[in-house]
Amino acid sequence: MKKSTVIITILVVLVGIVFFWYTGVYNKLVSMEETVTAQWGNVENQYQRRSDLIPNLVSTVKGYANHEQATLQGVVEARAKATSVSIDPTNMTEESMAQFQAAQGQVSSSLSRLLVSIEAYPDLKANQNFMDLQAQLEQTENRISVQRQRFNDVAQEYNALVRKFPNNMIANMSGFNTKPYFKSDAGAERAPEVQF
């Protein structure tokens with residue numbers, strides 16, 4: 001009778017150890033995935049802020065730059081396309097992230113073209129509303145950059161947890177997948193040429 005009690009006790013202890021280990025790793029994965037999701041929300045929040053600034057910028061520019069209708073239309077269209085692309089942070093893929101980045105890149109590109117074309121309008125450049133909007137847009141671009149970096153940091157920590165052994169067994173059984181990263185824009189790996 002004593003031998004069977006010892007064996008049962010050992011089995012109960014082993015099952016308890018495995019259960020608590022599994023629960024601990026699972027809960028850590030859930031916490032990290034929630035952190036990634038929350039950080040993704042911060043990224044989207046900054047992109048939304050930029051998107052909200054665009055109509056004000058376009059309407060301010062419209063009053064001064066009647067000849068820039070094609071550029072203004074490009075900004076509006078890029079904004080509309082970017083706001084239509086959304087990602088579910090629990091099911092992120094490389095493809096959905098690339099689509100999102102491409103849409104946001106089009107917004108950045110069209111805004112850059114607009115701001116370059118404004119150089120021909122000194123009255124607009126001196127307009128306080130325009131200057132305020134331009135400053136807010138710059139600040140928002142900086143915030144986007146910071147939030148993207150923070151997202152990559154928490155995604156890296158999460159991905160490491162998902163991929164490390166023996167956590168990867170629990171992650172695979174429970175449906176936890178790695179998250180994609182924000183990547184540099186095309187051409188960012190080359191240093192710009194400076195000529196005097």
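**Figure 1. Lys183 and its salt bridge with Glu94 in the predicted model.** Lys183 is partly exposed, with a relative accessible area of 45%. Its partner in the salt bridge is Glu94, and the closest N and O atoms of the two side chains are 2.8 Å apart. Glu94 is likewise partly exposed, at a relative accessible area of 43%. Glu94 belongs to helix α3 (residues 94-117), whereas Lys183 sits in the segment after α6, so the pair ties together parts that are 89 residues apart in sequence. The structure holds three salt bridges; the other views include Lys179 with Glu33 and Arg50 with Glu141.

**Figure 2. The salt bridge between Lys179 and Glu33.** The closest N and O atoms of Lys179 and Glu33 lie 3.4 Å apart. Lys179 has a relative accessible area of 4% and is buried. Glu33 is also buried, with a relative accessible area of 14%. Both values fall under the 20% cut-off for a buried residue.

**Figure 3. The salt bridge between Arg50 and Glu141.** The side chains of Arg50 and Glu141 meet at 2.9 Å, N to O. The pair links distant parts of the chain, with Arg50 in helix α1 and Glu141 in helix α5, 91 residues apart. Arg50 counts as buried, at 1% relative accessibility. Glu141, in contrast, is partly exposed, with a relative accessible area of 28%.

**Figure 4. The crossing of helices α1 and α5.** Helix α1 spans residues 2-62 and helix α5 spans residues 128-163. Their axes come within 9 Å and cross at roughly 165 degrees. An angle over 145 degrees counts as roughly antiparallel, and α1 and α5 are therefore roughly antiparallel to each other. The crossing of the two helices is left-handed. Residues of the contact of α1 with α5 divide into 19 nonpolar, eleven polar and nine charged. The salt bridge of Arg50 with Glu141 also links these two helices, Arg50 being in α1 and Glu141 in α5.

Key:
Residues are numbered from 1 along each chain as its sequence is written. This is a predicted model: local features need pLDDT of at least 70, side-chain atom pairs count only at pLDDT 80 or more; totals for chains, interfaces and linings use all residues. Side-chain values use heavy atoms; hydrogens and water are left out. Axes are lines fitted to C-alpha atoms, for helices over the stretch in contact, and angles run from 0 to 180 degrees between N-to-C directions. Helices (H or I, at least four residues) and strands (E, at least two) are DSSP runs, numbered from the N terminus. Angles under 35 degrees count as roughly parallel, over 145 as roughly antiparallel, 65 to 115 as roughly perpendicular and the rest as oblique. A crossing is left-handed if the near helix is turned anticlockwise from the far one by less than a right angle, and right-handed if clockwise. Ala, Val, Leu, Ile, Met, Phe, Trp, Tyr, Cys and Pro count as nonpolar, Asp, Glu, Lys and Arg as charged, and the others, Gly among them, as polar. A salt bridge is a side-chain nitrogen of Lys or Arg within 4 Å of a carboxyl oxygen of Asp or Glu. Buried means under 20% relative accessible area, exposed over 50%, partly exposed in between (1.4 Å probe, protein chains only).
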